[in-house]
Amino acid sequence: MDSSDVQHLSHPTLARALAAQNQRLRLATQALQGYVYDWHLADGRIERTEGFVALFGVAPATVSVGDWRERWVFPEDRATVETAFAAAAAGGEPVLHAEYRVRAPDGRVLWLADHMRLVADADGALSRVVGNVFDVTER
């Protein structure tokens, strides 16, 4: 459903459509064996789906972007991810894929695949990063 569909829906119909859309997102996210995130660059706020808890055993709100980068991502992988991100942002490439290792709070080492979409605001400035992360350790 996109914004043009909303104009033609009654309140109850809209509520049902949104509930169905939310259910699809929740089920698809669960199938990932990972999580979806929305990182707001202006204030550093990041929202993550419940798959974060399933994967790592901690609440998403307890891990800031800085903690993630500095304490979870392996130091030797950090530069690769940051370089790819900076190149994508500078080159206007809206989609980025990175694979890197993290050390989970319980000590497990996981390989993650992170698919990101860089989102610009109305002025063309990078404002958000929306993506999904899933465990590819067994691959």
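Reply: Relative accessible area under 20% is called buried, over 50% exposed, and anything in between partly exposed (1.4 Å probe, protein chains only). By that scale glutamate 70 is partly exposed at 48%, and arginine 69 is partly exposed at 29%. The two side chains form a salt bridge with an N to O distance of 3.7 Å, the term meaning a side-chain nitrogen of Lys or Arg within 4 Å of a carboxyl oxygen of Asp or Glu. Through shared partners, Arg69 and Glu70 belong to one salt-bridge network with Arg78 and Glu82.

The model is predicted, so local features need pLDDT of at least 70 and side-chain atom pairs count only at pLDDT 80 or more, while totals for chains, interfaces and linings use all residues. Residues are numbered from 1 along each chain as its sequence is written, and side-chain values use heavy atoms, leaving out hydrogens and water.

Aspartate 67 and arginine 71 also meet in a salt bridge, at 3.8 Å from N to O. They lie four residues apart in helix 4 and are therefore separated by about one helical turn (a helix is a DSSP run of H or I, at least four residues, numbered from the N terminus). Aspartate 67 is partly exposed at 25%, whereas arginine 71 is exposed at 64%.

Another pair joins arginine 45 to aspartate 43, with the closest N and O atoms 3.4 Å apart. Arginine 45 is partly exposed, its relative accessibility being 38%.

Methods:
Helix = DSSP H or I, 4+ residues; strand = E, 2+ residues; numbered from the N terminus.
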